[in-house]
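Hi,

Here is the model I promised to pass along. Have a look at it first, and my notes on what turned up follow below.

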Amino acid sequence: MKKIILSFVFAFIAIASFAQVPYFAGTAGDGNLYGYTSLKTRPGTDNSMETYTTFQYGIGDYTAVGTDIYTGPSSAYWGFLVRGGYKVNQYFGVGAQATPSFDLHDNFKFSYFTGALYMNGAITKDGNLFWCSNTWWGVNRGTENSITNWEYLGYAIGVKNGDYITPMVGMSHDWKFKANTDMMAGFYYTHKMWNFYAWGSDFFSQNAKPRIVVGIDFKLPTKK
């Protein structure tokens, strides 16, 4: 199984530089611990390594609280988040998240606030074909605020032992379409409580080389 997962990840990186991993409306669920960590890089660019890690704990079926840490070549930020989500039916779910973040290199001063709106749902009755939308609102200290949207289509493909591989394609754009629209693509491999991600974006950016993301997440029950 490990060889299969690693083969998918490395094959994807070798053939494409397709990186915003999609977020879904649902929360971790009551008493569950959710964790996600990723490594982001721009091949061919010096000092481009970034990391992102979050841990979230479900309080009730529709709410979670947690923390996250982002690091870049010369920056590090620690955030605290609250998240809610509700599945109306299989065709539509909606969630929201609020995260103030603080600069670990500047006496823990407030640096930026991130608000997010998550929506997703099935397109086909079996749920294998689905859509997903993420809207991010950034309020930044000392620089311009932003609103950006990501839209995706995905299709879950069953493989042996109940595992799934889910390729997704999408686009991102400024809320007012003031800059180039960017395409992205990737997949995640699901094995029991684990998901393994390979992603990429910034194909059409005029200011940056394409970015690749590899990541892993899990959801663990903490209540017996």
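**What I found**

Ser 75 is buried, with a relative accessible area of 16% (buried means under 20%, exposed over 50%, partly exposed in between, with a 1.4 Å probe and protein chains only). Ser 75 sits in strand 4, and its contacts (heavy atoms within 4.5 Å), leaving aside neighbours within four places in sequence, are Tyr 70 and His 105.

Some housekeeping before the rest. This is a predicted model, where local features need pLDDT of at least 70 and side-chain atom pairs count only at pLDDT 80 or more, while totals for chains, interfaces and linings use all residues. Residues are numbered from 1 along each chain as its sequence is written, and side-chain values use heavy atoms, with hydrogens and water left out.

**Overall layout**

The protein chain has 1 helix and 13 strands; these are DSSP runs numbered from the N terminus, with helices being H or I of at least four residues and strands E of at least two. Starting at the N terminus, the order is α-β-β-β-β-β-β-β-β-β-β-β-β-β. Of its 224 residues, 42% count as buried. The accessible surface of the chain is about 12200 Å², and 62% of that belongs to carbon and sulfur atoms (Shrake-Rupley method with a 1.4 Å probe; for residues, only the protein chains shown count as cover).

**Cores**

A nonpolar core here is a set of buried Ala, Val, Leu, Ile, Met, Phe, Trp, Tyr and Cys residues joined through side-chain atoms within 4.5 Å. The largest one has 19 residues, and those with the most contacts inside it are Tyr 36, Tyr 152, Met 168 and Trp 199. Strand 1, strand 6 (109–122), strand 7 (129–140), strand 8 (146–155), strand 11 (182–191) and strand 12 each give two or more residues to this core. Strand 7 supplies the largest share, 3 residues. Apart from this core lies another, of 5 residues, including Phe 187, Tyr 189, Phe 196 and Ala 198.

**Aromatic rings**

Rings of Phe, Tyr and Trp (its six-membered ring) pair if their centres lie within 6.5 Å; planes under 30 degrees apart count as stacked, over 60 as edge-to-face and the rest as tilted. By this rule there are 20 aromatic pairs. One of them is Tyr 36 with Tyr 197, edge-to-face at 5.7 Å centre to centre and 90 degrees between the planes. That pair links distant parts of the chain, with Tyr 36 in strand 1 (residues 32–41) and Tyr 197 in strand 12 (residues 194–201), 161 residues apart. Both Tyr 36 and Tyr 197 are buried. Elsewhere, ring pairs join Trp 78, Phe 80, Phe 102, Phe 108 and Phe 110 into a cluster.

**Salt bridges**

How many salt bridges does a search of the whole structure find? It finds 2, taking a salt bridge as a side-chain nitrogen of Lys or Arg within 4 Å of a carboxyl oxygen of Asp or Glu.

Glu 50 and Arg 211 make one of them, at 3.2 Å, N to O. Glu 50 lies in strand 2 (residues 50–58) and Arg 211 in strand 13 (residues 211–221), so this pair ties together parts that are 161 residues apart in sequence. Glu 50 and Arg 211 are both buried.

Arg 141 and Asp 106 also form a salt bridge, with the closest N and O atoms 3.7 Å apart. Here the partners come from loops: Arg 141 from the one between strand 7 and strand 8, Asp 106 from the one between strand 5 (92–103) and strand 6, 35 residues apart. Arg 141 is partly exposed, with a relative accessible area of 43%, and Asp 106 is partly exposed too, at 24%. Not counting residues up to four places away in sequence, Arg 141 touches Asp 103, Asp 106, Lys 109, Phe 110 and Ser 111. Between Arg 141 and Ser 111 the C-alpha to C-alpha distance is 5.3 Å, with 30 residues separating them in sequence.

**On the surface**

Tyr 62, Tyr 86, Val 88, Tyr 91 and Phe 92 form a nonpolar patch with about 500 Å² of accessible area together. Patches are made of residues with over 30% relative accessible area and no salt bridge, with like charges joined within 9 Å and nonpolar side chains (Val, Leu, Ile, Met, Phe, Trp, Tyr) within 5 Å. Val 88 belongs to strand 4 (residues 75–89) and is partly exposed, with a relative accessible area of 46%.

Cheers
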